[in-house]
Amino acid sequence: MTKKRSVLFAGDPHGNFAPLISAVKQCQPEAVVLLGDYDLKKPLQDYIQSIIGKTKIWWIPGNHDFDPPEHYHNLFSSQLSGQSLHLKVINIAGLRIAGLGGIFLGRVWYPPYSPKWQSKKHFIQVSSEFTSPSALSLKYKSAIWPEEWAQLKKLKADILVTHEAPKSHKHGFIAIDQLAEAMGVKQVFHGHLHEHYRTEIRQGIEVVGVRDAQIVDLFGEEV
Ligand SMILES: [Zn+2]
């Protein structure tokens, strides 16, 4: 059986990594999963050097990790750039953990409304008729795209971590509930809204909201 502190989840650090570092030293988890919004003024590894090598570190991006551009580069070009869980399912401490970073953005897709764009490819094709170069701006990179959400939905997992909340929260989105149900997960951990709570949604799926800079274990209990 998996121990409840074998994986820890870190709510939006917003530059404060001290609780994460002390929780890793105290609990010695096999892995930690960071739920987004880091506000990195220097590369990620510079904040958490003392726990690198002591535990496996995984992360998803939040909306604050795309603006300003230095925040983006300090995460996506950091030494931990390969540890992104976004749009993946990874076996972590014996659990299949899936990640969905980013946020729902009105100019791309704001469920339950219909998507404005299905895919990045289509968006780039159309918009490059008016502008060049045809690269995706950081704002658009921060969005949850329908096509990517649909691809992730085809996979199976035990736990889903997201930056956005499911409908369990008044600012949550039904598309997260739908994703969790289709993937067959038993738990969802999310950040973004700076609130710690535990509740259930459809199919008895447990949702754990994690407060900013808070660390919780697999039971959703604060460490
Ligand atoms: Zn956020």
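The model is predicted: local features need pLDDT of at least 70, side-chain atom pairs count only at pLDDT 80 or more, and totals for chains, interfaces and linings use all residues. Residues are numbered from 1 along each chain as its sequence is written. Helices (H or I, at least four residues) and strands (E, at least two) are DSSP runs, numbered from the N terminus. Two strands pair if DSSP finds at least two bridges between them.

- Strand 6 covers residues 159-162.
- Ile159 and Val161 point one way, Leu160 and Thr162 the other, and all are buried (20 or more other C-beta atoms within 10 Å of the residue's own, with C-beta atoms placed from the backbone; exposed is 12 or fewer, partly exposed in between).
- Strand 5 (residues 95-100) runs parallel to strand 6, joined by 4 bridges.
- Ile97 stands opposite Ile159.
- Strand 7 (residues 187-190) also pairs with strand 6 in the parallel sense, over 4 bridges.
- Here Gln187 is the bridge partner of Ile159.

**The crossover**
- From strand 6 the chain passes through helix 7 (residues 174-183) to strand 7, a right-handed β-α-β crossover.
- Right-handed means that, with the strands pointing away from the viewer, the path from the first strand over the helix to the second runs clockwise.

**Strand 9 and its partners**
- Strand 9 (residues 206-209) runs parallel to strand 7, with 4 bridges.
- Glu206 is the bridge partner of Gln187.
- Strand 8 (residues 197-200) joins strand 9 antiparallel, through 4 bridges.
- Tyr197 has Gly209 as its bridge partner.
- The hairpin of strand 8 and strand 9 has 5 residues between the strands, and Gln203 takes a positive phi near 60 degrees there.
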